[in-house]
Protein chains: 2
Amino acid sequence: MSTKTTPLNNSQDTPKAIVLLSGGLDSTTTLAIARDDGYDCYVMSFRYGQRNKAELQCAENVAKSLGAKQHTIIDIDLRIFGASALTADIEVPKGRLETEMGGSIPITYVPARNTIFLSYALAWAEVLAADTIFIGANVIDYSGYPDCRPEYISAYQTMANLATQAGVEGKTKLTIHAPLLDKTKAEIIQIGTALGVDYSLTLSCYDPDMDSRACGECDSCVLRKKGFEDAGISDPTRYR
Amino acid sequence: MSTKTTPLNNSQDTPKAIVLLSGGLDSTTTLAIARDDGYDCYVMSFRYGQRNKAELQCAENVAKSLGAKQHTIIDIDLRIFGASALTADIEVPKGRLETEMGGSIPITYVPARNTIFLSYALAWAEVLAADTIFIGANVIDYSGYPDCRPEYISAYQTMANLATQAGVEGKTKLTIHAPLLDKTKAEIIQIGTALGVDYSLTLSCYDPDMDSRACGECDSCVLRKKGFEDAGISDPTRYR
């Protein structure tokens, strides 16, 4: 598979990776890839004041189904910064066509979110001596978030290798691995399906109802729906 | 003064800076410099499970005394990562001479701490449209922390400018400014004293007693004491 990485750890132990998991389609597929690459996966999710609290339950179910060694949910409160429809009291845009997305940064963008998430992952990686952090960032169909771009991921890796004890002592070279970076939603779904991912466990919707059913109309739902169509795979998502 | 920066904001408004403040000597001096440079200062401190809880009270007093526009204390729990004498149940080393420090990374190092702190500052900077983040990092007398080195600060700035909306749209170039990077403790004390800092409000000790008095024997106390001696300024620290 083209997304394969070779674990860098030379010891007899199974190498460890930190995997950021939201419970959505991309991060779930990323976890499946990390496991397939031979890593013991230490999975990290965040309760950050998101409207979509159901995604944390999805993350737990996904972590279990994909054999995570440990799943940690970190409590942080990004609502103090306001300014995003995903955390503040701003309406989630609906009914946009795929062609209308990506031009400018949407209101669902959460300031510095991936930077904060990766920083916690970096701390955990240092403590566990993990050599890789997996993140499901993606530039195709990415809704226009600045912290999903390849140049951002690469700059983060450079910084991370200067930030830590291992970096100073030259012990471990840390890789920030974003295996889905250049994949379309359809390709992601095909990769995950080949690895046995059960996408009915995942939730991508920015605004699900009380019963965790997807709205079918926000940017994330539109991209996900089209992904299953393009992949020619039947969509297991529960829509309201 | 050689530590002067020119605010980059071209609007009529007073430019804004985020200032990371622990309540210790270095970060307090950094706040005084930011104010002297003409910034409206938005001060950020962290309740991260540190043993030294008194430093947060010091941070509040310092922020008030140096005219901060706003002071936010963020609750995060770094104890989940264990592995540092500053947060876990490991004894703080005492009685080391200055010449014994700096060779290897000490047990008081908290994994990825500055990276996590800067990431929150980055989120706030983005929301406030602040163009500078001030951090009191220092390589001389720095106790050997990897995330206080100039190459780390520079790599963080590069990453930060790729991480945010402003970076994508080319609106604001963010600077991570560490004005004390190459200063000795004595120079820092001289700069702060010239700017009117009241160091009796600050606390540097890794292990103060219940009455917020410094131990006088941990690495941080040893460096601070010597700084006042070398600066020829009388030390207002309350020792137990």
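Two strands are taken as paired if DSSP finds at least two bridges between them. In the predicted model described here, strand 2 (residues 40-47) of chain B meets this criterion with strand 3 of chain B, to which 6 bridges join it. The two strands run parallel. One of the residues involved is B:Arg47, whose bridge partner in strand 3 of chain B is B:Asp75.

Confidence was examined next. The model scores ipTM 0.83 and pTM 0.85. Chain A has a mean pLDDT of 83. In that chain, 75% of the residues reach 70 or more. Among the elements of chain A, strand 4 (residues 132-134) has the highest mean pLDDT, 98. The lowest, 64, belongs to helix 5 (residues 165-169) of chain A.

The sheet of chain B is open and holds 5 strands. Their order is 3-2-1-4-5, and the pairing is parallel. The edges are taken by strand 3 (70-75) and strand 5 (175-177) of chain B. Each edge strand has a single partner, so one side of each lacks a neighbour in the sheet. On average, neighbouring strands of this sheet are turned by 25° against each other, direction ignored. Helix 1 (residues 25-36) of chain B packs on the sheet. Helix 1 of chain B touches strand 1 (16-20), strand 2 and strand 4 (132-134) of chain B. The direction of this helix makes about 170° with that of strand 1 of chain B.

Chain A also contains an open sheet of 5 strands, in the order 3-2-1-4-5 and with parallel pairing. Strand 3 (70-75) and strand 5 (175-177) of chain A stand at its edges. Both have a single partner strand, so one side of each is left without a neighbour in the sheet. From one strand to the next, the twist averages 25°. Strand 1 (residues 16-20) and strand 2 (residues 40-47) of chain A pair in the parallel sense over 5 bridges. Within this pairing, A:Ile18 has A:Tyr42 of strand 2 as its bridge partner. Helix 1 (residues 25-36) of chain A packs on the sheet and touches strand 1, strand 2 and strand 4 of chain A. Its direction makes about 170° with that of strand 1 of chain A.

Helix packing within each chain was then considered. In chain A, the axes of helix 6 (residues 185-194) and helix 7 (residues 219-231) come within 7 Å and cross at roughly 65°. That angle makes helix 6 of chain A roughly perpendicular to helix 7 of chain A. Their crossing is right-handed. Helix 6 of chain A contributes A:Lys185, A:Ala186, A:Ile188, A:Ile189 and A:Gln190 to the contact. Helix 7 of chain A supplies A:Leu223, A:Arg224, A:Lys226, A:Gly227, A:Phe228, A:Asp230 and A:Ala231. The residues of this contact divide into 6 nonpolar, 2 polar and 4 charged.

In chain B, helix 1 and helix 6 (residues 185-194) pack at an angle of about 40°. Their axes are 9 Å apart. Helix 1 of chain B and helix 6 of chain B are therefore oblique to each other. The crossing of these two helices is left-handed. From helix 1 of chain B, the residues in contact are B:Leu25, B:Asp26, B:Thr28, B:Thr29, B:Ala32 and B:Ile33. They meet B:Ile188, B:Ile191 and B:Gly192 in helix 6 of chain B. By class, the contact has 5 nonpolar, 3 polar and 1 charged residues.

A further helix pair links the two chains. The axes of helix 4 (residues 150-163) of chain A and helix 4 (residues 150-163) of chain B come within 8 Å. They cross at roughly 160°. Angles over 145 degrees count as roughly antiparallel, and the two helices are therefore roughly antiparallel to each other. Their crossing is left-handed. On the side of chain A, the contact comprises A:Glu151, A:Tyr152, A:Ala155, A:Tyr156, A:Thr158, A:Met159, A:Leu162 and A:Ala163. These meet B:Glu151, B:Tyr152, B:Ala155, B:Tyr156, B:Thr158, B:Met159, B:Leu162 and B:Ala163 in helix 4 of chain B. The contact of the two helices has 12 nonpolar, 2 polar and 2 charged residues.

Terms used:
Residues are numbered from 1 along each chain as its sequence is written. Chains are lettered from A and ligands numbered from 1 in the order in which they are written. This is a predicted model: local features need pLDDT of at least 70, side-chain atom pairs count only at pLDDT 80 or more; totals for chains, interfaces and linings use all residues. Axes are lines fitted to C-alpha atoms, for helices over the stretch in contact, and angles run from 0 to 180 degrees between N-to-C directions. Helices (H or I, at least four residues) and strands (E, at least two) are DSSP runs, numbered from the N terminus. Angles under 35 degrees count as roughly parallel, over 145 as roughly antiparallel, 65 to 115 as roughly perpendicular and the rest as oblique. A crossing is left-handed if the near helix is turned anticlockwise from the far one by less than a right angle, and right-handed if clockwise. Two residues are in contact if their C-beta atoms, placed from the backbone, lie within 7 Å. Ala, Val, Leu, Ile, Met, Phe, Trp, Tyr, Cys and Pro count as nonpolar, Asp, Glu, Lys and Arg as charged, and the others, Gly among them, as polar. pLDDT is the predictor's confidence in each residue, from 0 to 100.
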